[in-house]
Amino acid sequence: MSRVLVLCDTVGHDGGTESYLERALPELTRAGDDITVFARRVETANAFGVSAGTIAWAREDEPPNHGAAAALTEVLQRDAFDVVMTSNVFDVAVLAAARALPRMVVRLHDHRAFCPNGDRRYPQFPGNCERAMGAACVVNAATHGCAAGPRPKTLQRIRERANVRDAVRGADVV
């Protein structure tokens, strides 16, 4: 039996990730794992078949919430978890705090961890981006309207997403 801490954006019935967790977490419990869930938002109590607490970390478009990271650190110090699984957590301070556990699994549901648009599609022209996030995003901002277009906000968003990408790279399993 493993003690598993699940960090997810939302506990609820609506959404792809929520639907996945609503099915997967009861199965892990039936298999003998002890599951604890913390989410940024809890819309439906016990939607995942396990009780859930709230730690209001930053959304993907907000700066890291160091208070939320400290709250998670308190949880980690209080309870002995074997593994943490994150799902749609984009707060790099919270991801860094979660990395303190012996095993870290990051579940990616979409492209937000490595695309400033979040979907690897050009917003103003047909087509999919096939380039790695970085300098190509700056060019694509000017030529394809990616992120916020050719504005300083685009550079900031690329840096923020690169920080998330780097935090994800630190996981044991993605």
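1. From the N terminus on, the elements of the protein follow the order β-α-β-β-α-β-α-β-α-α, that is, 5 helices and 5 strands. Helices (H or I, at least four residues) and strands (E, at least two) are DSSP runs, numbered from the N terminus. The model is predicted: local features need pLDDT of at least 70 and side-chain atom pairs count only at pLDDT 80 or more, whereas totals for chains, interfaces and linings use all residues. Residues are numbered from 1 along each chain as its sequence is written, and side-chain values use heavy atoms, with hydrogens and water left out.

2. Along the principal axes, the C-alpha atoms fill a box of roughly 50 × 30 × 25 Å. Of the 174 residues, 45% are buried (under 20% relative accessible area, with a 1.4 Å probe and protein chains only).

3. Strand S4 (residues 83-87) is largely enclosed by the rest of the structure, because 5 of its 5 residues are buried. In a regular strand, side chains alternate between the two faces of the sheet. Both faces of S4 are covered, with Val83, Met85 and Ser87 buried on one side and Val84 and Thr86 on the other.

4. S4 pairs in the parallel sense with strand S1 (residues 3-11) over 5 bridges, and with S5 in the parallel sense, also over 5 bridges; pairing requires at least two DSSP bridges between two strands. Valine 83 is the bridge partner of valine 4 and, in S5, of arginine 103. The chain passes from S4 through helix H3 (residues 92-98) to S5 in a right-handed β-α-β crossover (clockwise from the first strand over the helix to the second, with the strands pointing away from the viewer).

5. The count is 2 cavities of 30 Å³ or more. A cavity is a set of points on a 1 Å grid over the protein atoms alone where a 1.4 Å probe fits but cannot get out, and lining residues have an atom within 4 Å of a point. Points are joined across faces, edges and corners, and a volume is the space filled by probe spheres set on them.

6. The largest cavity has a volume of about 80 Å³. Among its 13 lining residues, Cys115, Pro116, Cys129, Cys137 and Cys146 are the closest to its centre.

7. The second largest cavity holds about 40 Å³. Its lining includes Thr86, Phe90 and Val168, and strand S5 (103-107) and helix H5 (152-169) each supply at least two lining residues.

Key: On a 1 Å grid over the protein atoms alone, a cavity is a set of points where a 1.4 Å probe fits but cannot get out, and a pocket is an open set with protein on both sides within 12 Å along at least five of seven lines; lining residues have an atom within 4 Å of a point. Buried means under 20% relative accessible area, exposed over 50%, partly exposed in between (1.4 Å probe, protein chains only).
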